[in-house]
Every structure is written in C-alpha cells, then in structure tokens.
Amino acid sequence: MAAVLGQTKAEPKPAEEGFDFYGHLNQEETQQRLKSYLPQKNQNATFFCSKKDATELIAKDSVDSKNTLFVFGCEDIDLTVEARLTKILIQGCKNAKITLRGPILTNVVELWSCDNVTLNIEESLVATLQLDLVNKIDVCFSRKKLMFKIIHAGVEDMTLTFGDSDDKLLSSFSQLKVKHTDIRKDITQWIVHRDSNNELLEERLMRLPNGFPATKKEIEDWETNKEIMESKTEDHLRELIKIAPKTDLGGGVRIKTIKHEGDLPPQPKTKAQLKKAARKEAEAKAAAAKAAEAAAASVPAKNTGKGKAGNKKR
C-alpha cells in the first residue's frame, strides 16, 4: 500500500485533526518546526507522519528526488522507502521497522528521539548515520562496505549487524558511562567506523581546532603532520633568508631576503620575448667586442730599441 504523503515547498498542508505528537503541536505547526532542519529555507520536503499499525511503501518515482523525507510520530509501522531522496530524517517513532532501498543523494540519514526501531539499509549508500537520544535500535547493513560511519550520542542498546558478515557491534550509553564518567548523554558523541583492516571500531568523537569532527588517532596524526609541515616550512624559509649579526643599534637583527633563481618557477616566454632577448644578447656581444677593440687601440706600442732613439744611444 502506497503511503499518503504530504509534500510542501513553501506552504505546508492543512493540519490534521487530532494530531498531537510534537509537544502538543498540530501537524501544520510540527511541519513548520521540522522545516527548520532543512539547510535551505525553501527546500522541498515530504512528510510521513502520525501513522499507526500500518505497512507502507514510498515507491520509486513517487517523490521528487530533491525532497528531504521526514518520518515522525509513527508507531507500530513497517515502512519501506524505495524513492530517490536528498536526505532522510526520522524523529519520534516507536516500535518501527524502516527499510531503505532507494538512493540518498547526500548519503545522510538522521534518527533521534525514537524507541525500539529496526533500521535496515539495503543497497543504499549511507555514508553518515546519525543517532541521538534513541532507546533500543537495531541497524543492519546489507553489505559491510556500505557502512562508513555511525555517529551517536545518548543511545541505549544499539546493535549493528551486516547481511554479508558475522561481525557485530553492541553499544550502550550506560556501559560507556562506566568507563568514561565525564560523558554526557545529550552532548558526548561517539563514532563507529571501519579501520584499515575492515574491523569495527567505536571511538569517542573529538574536534579539531577548526571544529571538524575526528577521532583521537586522527587528531594525533593531524598534530604530527602539522609539526612536520611547520618544520619543513621553517627549513625552507631559512634557506631563503640571511640573518645578519646583531648590531649596536638596539640589539636588533637585520634580515635580508635573498632571491634564488632556482627557487622560482620557470617563466614561459613568447616568440617576441625570445627575439628581443636574442637581439639584446647580440647587441651586448657587439658592444663588448667594440669595447675590446677600443681598449686595444689605446695601449701604446712597445719600444724595441730600434730607430732614431737607438741610434742616438750609440
């Protein structure tokens, strides 16, 4: 059975009577609230909301691929998504089975404030799966290589499995809290990814100085590479500058830059530039030859002792 979907561009659908999921807001108010998650103000959105005890299908080509799909307020549902979409957001669902089979253009799925969800990802590339404040979730990728990273915070009872592998990962905030007493359920994030040996790893997510998320090892590698690059830059600059000895004028250091032709990239020359250079070179050679002739003419001849001067000496 195909789902009845509400699609909106600028104006949402009229509110449905009796809809009271998102903090006692009606459907229109809830859709307006959820639209704040869109990266662009007037971006298209498709809403699948407040379904109960239903098996639904969002069929291929039934939704514009530019749309972001919002699934929220659903309970006891079995939803299959085959449509091509930009992004999928799932919020406030309970006892839900959701199967993803269609392409996701941004490769991003976000799920939060849910309880007892089974998420099957079948041949859909999900580079980033983000889970926040979820109580019991089973995630199954049809193939292990389709899983890149899962970022989660405040998730209890998470199970990660694969259709083509026996590998499994179990995680729970309460267990992590035992080892890491400083973590907070609403803030501290964790990342699940595959290492170079294709093994599953769960690490605490940290931030680089530029705010980019990274693991502890990635930050250590970043710091090491930073030191190496700074050292290479310093060595290169030392080759390009000459530091003079201290003077008596305030004890300062004079720095004089020296330009090395070998450090400059070769500059391409046009035919006109080559002809001009050749002409200048020829003129310089001719001027040098003329100067040499003039210098030779100005030198007096050597006295050999013959002639009148020699006769007079006799």
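**View 1. An open sheet of seven strands, with mixed pairing, in a predicted model**. Across this sheet the strands follow the order β3-β5-β7-β9-β11-β13-β14. The edges are taken by β3 (52–58) and β14 (165–171), and because each of these has a single partner strand, one side of each is left without a neighbour in the sheet. On average, neighbouring strands of this sheet are turned by 10 degrees against each other, direction ignored. Strands of a sheet pair through backbone hydrogen bonds, and the pairing may be either parallel or antiparallel.

**View 2. The pairing of β9 with β11**. Strand β9 (residues 115–121) and strand β11 (residues 135–141) run parallel and are joined by six bridges. Within this pair, Thr118 stands opposite Asp138 of β11.

**View 3. Strand β10 with its partners β8 and β12**. Strand β8 (residues 108–112) runs parallel to strand β10 (residues 126–132), and five bridges join the two; here Val108 has Thr128 in β10 as its bridge partner. Strand β10 also pairs in the parallel sense with strand β12 (residues 147–153), over six bridges, and in this pairing Leu131 has His152 in β12 as its bridge partner.

**View 4. Cysteines without a disulfide**. A disulfide is counted when two cysteine sulfur atoms lie within 2.5 Å, and by this rule the model has zero disulfides. The cysteine sulfur closest to that of Cys93 belongs to Cys74 and is 4.6 Å away, which is too far for a bond. Cys114 is likewise in no disulfide, since its nearest cysteine sulfur, that of Cys93, is 4.9 Å away. Cys93 is buried, with a relative accessible area of 2%, and Cys114 also counts as buried, at 3% relative accessibility.

Conventions:
Residues numbered from 1 in each chain as written. Predicted model: local features only at pLDDT ≥ 70, side-chain atom pairs only at ≥ 80, totals over all residues. Heavy atoms only, no water. Pairing = 2+ DSSP bridges. Helix = DSSP H or I, 4+ residues; strand = E, 2+ residues; numbered from the N terminus. Axes fitted to C-alpha atoms, helices over the stretch in contact; angles between N-to-C directions. Buried < 20%, exposed > 50% of the residue type's maximum accessible area, 1.4 Å probe, protein only.
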